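Work through the exercises below with the sequence and the 3D view open. Try each task before reading its solution.

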Amino acid sequence: MPKLRIVVVNTVIHDEGDEALHAQAERARVLRIGLLEAGYDIVASLPPDMYLPERIAQLQPDMIIVDAESDARDVLEHIVIATRDERRPIVMFTEDQDPESMEAAVEAGVSAYIVAGLQGERIKPVLQVALAQFKREQKLLDELSDTKSKLAERKVIEKAKGLLMERQRFTEEQAYQKLRSMAMSKNLKLSEVAQRILDVEDLLG
């Protein structure tokens, strides 16, 4: 089984003399060690800046881990942009206990929001649960999208049938068979033929 490829998004440490930044550096170290010991592949550690979406698109990670001390909402803006076109499981480790931040994170697509829980031994089970949760949500979204697509196709077919019934004086069954025959002869889906008929009708007014 291939290793899970992970991009870590965290605050850049500029000043080792600052106590808060020391704490952040220690968090980053614990996270890195925990990921490596769990057998994950850290492909990059990135700052949450305007270049993040481009870097993630280039790296194509399997998962994004966000290590945010207390600026979770600021980081989320870049994460949302970075995963807008291609969803990925996102795990956020943070000290930010603000309910609004938690709600914003879930709304943005974060699979797991872990407050004050960055211990090395907890990393692997947290990521496993987050991945399973993401897969479950993705399956539901795919099923919903498929249902909406089929409903839209059915509406197009019904509209084209109605047009044929009106223009050609067909019965409903005759209109359906006409669409089916055209679809088979052109090697197209029924909905594609129906849409072409509607497009021609719109073009001719």
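This is a predicted model: local features need pLDDT of at least 70, side-chain atom pairs count only at pLDDT 80 or more; totals for chains, interfaces and linings use all residues.

**Exercise 1. Which residues is Lys161 in contact with, leaving aside its neighbours within four places in sequence?**

Solution. Step 1: contact means heavy atoms within 4.5 Å. Step 2: with those neighbours left aside, Lys161 is in contact with Glu172, Ala175, Tyr176 and Leu179. Step 3: Lys161 has its place in helix α5; helices (H or I, at least four residues) and strands (E, at least two) are DSSP runs, numbered from the N terminus. Step 4: the relative accessible area of Lys161 is 7%, so this residue is buried. The classes are buried under 20% relative accessible area, exposed over 50% and partly exposed in between, with a 1.4 Å probe and protein chains only.

Residues are numbered from 1 along each chain as its sequence is written, and side-chain values use heavy atoms, with hydrogens and water left out.

**Exercise 2. Describe the order of the elements and the overall extent of the protein chain.**

Solution. Step 1: count the elements; the protein chain has seven helices and five strands. Step 2: read them from the N terminus on, which gives β-α-β-α-β-α-β-α-β-α-α-α. Step 3: the radius of gyration of the protein chain is 25 Å, well over the 17 Å from the globule rule for 205 residues, so the chain is more spread out than a compact globule. This radius is taken over C-alpha atoms, and the rule is 2.2 Å times the number of residues to the power 0.38. Step 4: along the principal axes, the C-alpha atoms fill a box of roughly 85 × 35 × 30 Å. Step 5: 34% of the 205 residues count as buried.

**Exercise 3. Which residues touch the most other members of the largest nonpolar core?**

Solution. Step 1: a nonpolar core is a set of buried Ala, Val, Leu, Ile, Met, Phe, Trp, Tyr and Cys residues joined through side-chain atoms within 4.5 Å. Step 2: the largest one has 19 residues, and Ile6, Leu35, Ile65, Val91, Phe93 and Leu127 touch the most other members. Step 3: at least two residues of this core come from each of β1 (5-10), α1, β3 (63-68), β4 (90-94), β5 (112-115) and α5 (120-168). Step 4: α5 gives the most, with five residues. Step 5: apart from this core lies another, of 18 residues, including Val7, Val75, Ile79 and Ala105. As background, nonpolar side chains tend to be buried together in soluble globular proteins.

**Exercise 4. Where do the buried residues of helix α2 lie around its axis?**

Solution. Step 1: in α2 (residues 52-59), the buried residues are Leu52, Pro53 and Ile56. Step 2: these residues cover an arc of only 100° around the axis, so they are on the same side of α2. The arc is that of the directions from the helix axis to the C-beta atoms. Step 3: the general rule is that an α-helix has 3.6 residues a turn, so residues three or four places apart point the same way.

**Exercise 5. Is Arg27 buried or exposed?**

Solution. Step 1: Arg27 is found in helix α1 (residues 19-37). Step 2: its relative accessibility is 10%, so Arg27 counts as buried. Step 3: for contrast, take Glu103 in helix α4 (residues 99-108); at 60%, Glu103 counts as exposed.
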